[in-house]
Amino acid sequence: MQARKKYVLLGLCTCCWILLYYWAGLQERLLGLITHRRGEVPRPWPDWLDRALLPNFAEQLDLQNGGGPGDSPRQRKQAWSSIYKDSRCRMDTCFDFGRCQTQSGFRVYIYPPEKGERVSESYRKILTSVSESRYYTSDPREACLFVLGIDTLDRDQLSQQFVPNVDERIRGYPLWNDGRNHVIFNLYSGTWPNYTEDLGFNVGQAILAKASLNTEHFRPGFDISIPLFSKEHPQKGGKRGWLVRNSVPPRRKYLLMFKGKRYLTGIGSDTRNALHHIHNGKDIVSLTTCRHGKDWEKHKDARCDHDNQEYERFDYQELLHNSTFCLVPRGRRLGSFRFLESLQAACIPVLLSNGWELPFSDVIQWNQAVVEGDERLLLQVPSTVRAVGMDRVLALRQQTQTLWDAYFSSVDKIVLTTLEIIKDRVYSHISRNKLMWNALPGGLLVLPEFSTHLAHYPFYYLHLGISPGQEFTAVIHATSPLVSQSQPIMKLLQVVSKSKYCSQIIILWNSEKSPPQRSKWPPMPVPLTVTDGRRKTSSRFLPHAAIETEAVLSLDEDTVLLTSEINFAFHVWRSFPDRIVGYPPRSHFWDPVKKAWGYTSKWTNEYSIILTGAAFYHRYYHHLFSHYLPSSLRALVDHSCNCEDILMNFLVSSVTHLPPVKVAQRKQYKEMPSLQGTKMAPWANPEHFTQRQECVNTFSSWFGYMPLEHSQFRLDPVLFKDHVSVLRKRYKDLERV
């Protein structure tokens, strides 16, 4: 009986709640009708007491309409679908892999420009980067990938760079094939007021390499998001990042900064109009100005004058140099120039651009370099960045420099990164892994054709917790015919073969006469191989299949060394496997009078080059020398029979951003005088030094900057030249004259 009463009471309560809910909803609708009839505006909820202080946050109607002015999400999606009909494209459905499986491999063809074609400065840089890359071909039959000659960077119809009638023109190309195997570069899309992602033509099945890509429209594994860069962005090289190595303490004067435009109306105005709320003028500086555009005074609000005055108090470059975090809010489009500026300045980007597909997101792990915020949670940003620990701040700042130097400091790197990502998709069985892309020296300098195993490269020993191998291969460059058993090369063979770390010796025969028979060479405890160098100076750095060890000892035929010197240098190299370690140093300098780089062989305390006539380095640099550097530089070396050692130093320093390492030696390295009947030593030629001066400038021009780094660092054995008994010294022979 008691249970029955409980169930009845519970049922009555339920009915009451239903009636109350229904009657309250009906009253609200009736109240809405009554107030609308009277012409009254319904009071939005909640009733903020400080509503006057928050005029720039989204109103209720804005939220109902999709968060801002312009088309609704459904309308934007319909517009996108009408232009990008192949929105579900993937590499296996919209890319012809057969074009890339030919003997030519991965080649890129650029459509020839039409007569009178207008090309912007930025697009000209992109085309130049492609045409000067190792993948370029002038024959479309060899091409795996195609790049349009039509400038597609700026598709804003109000821009002077806008190119009309693109759709009609590309459909007339015989190779277009609905965009298959094409890549289209774009920086700006859409126009005022909504700035949609409309390019004004149907890209079909082409890969879109686009700035400010929205994640909603991004085709994963197919499209590529690229950074927004200015027309002043350098073609090659680019400036180095601003972070001093191991900068301690990692925090700077200002915790968080922003200085830029404030949009009074239109898309992007909501985010930037709210930035003043986090400004405290002390450790957080957030400055905006509405003094831009033609009609800014027409739309100015009550805060404009104060903002403009505060804006002029701070210098933008000074803030960049002295801030730990930099706000990167969206502008009219999702991307912003401040993204690259922050990376270069080692100012950790704090992103406020919801829906932005970050540049090269397929391969770059951005959580290691940026802080991603939410436009709707702006007021939480200060507390978020304050909570980041010092060790995390330093790690983030260091990674900004890694990514800037590897992928963003020049148009060349942006374009080559785009091509390498596509190439990795095409040849996925020999592609780079995430560590190769996100650790020094970066994916562009790690060629997976060499190996897909991290342990085979000189950069990842610390990551893997292993040490380099304990043997080396000696490669001796021989240019003189063998006419006497007393020639320096005979003694050099004996010295090198006595090293317990020597695995084998390879003689690279570059003499005009044929090499002598094996019986003419002295007996040795290690294998000896004589290979044809084809009388090319650059052949000493070819990736010879016979080299199986990680370490290579490069020697000239007239080098004078002791076995103990070789052993000590090898021990040093195992601690610096990514650098050149050797004996004879040289240096470069800037000549302000000639406004050119100079080369000097003077023995001073400072050096930037180690001659490869007696030096250790990793065998991977043979592969880089042959496949990364352009054939024009190798041809220059072969034509002049000079400068191959300088070019190798340029290459290694550009990879490591570090100088070579000099080790102690018994006496100064010098070339022996030529024997009668042998070829004159190159250093004796009067033109030899002049050629090397010219080489330094030619090489720096190709790299786009001077990669060589000066050093005063020299490594000596323990107790070297100390006044103690020689019996206590491991390398006692180094001190004997």
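I looked up Cys-347 and found it buried, with a relative accessible area of 0%; buried means under 20% relative accessible area, exposed over 50%, and partly exposed in between, with a 1.4 Å probe and protein chains only. The model is predicted, so local features need pLDDT of at least 70 and side-chain atom pairs pLDDT 80 or more, while totals for chains, interfaces and linings use all residues. Residues are numbered from 1 along each chain as its sequence is written, and side-chain values use heavy atoms, leaving out hydrogens and water.

I then checked the partner: a disulfide joins Cys-347 to Cys-326, S to S 2.0 Å. A disulfide here is a pair of cysteine sulfur atoms within 2.5 Å. I read 105 degrees about this S-S bond, a right-handed link. Cys-326 lies in strand 8 (residues 323-329) and Cys-347 in the loop between helix 11 (337-344) and strand 9 (348-352), so the pair ties together parts 21 residues apart in sequence. Helices (H or I, at least four residues) and strands (E, at least two) are DSSP runs, numbered from the N terminus.

I noted five disulfides in the structure. Among them is Cys-89 with Cys-94, a left-handed link with -80 degrees about the S-S bond. Both of these cysteines are buried. Cys-641, by contrast, is partly exposed at 45%.

Next I looked at the backbone. I found a cis peptide bond between Leu-440 and Pro-441, with omega about 5 degrees. Asn-181 has a positive phi near 60 degrees without being a glycine, and I found this residue buried at 1% relative accessibility.
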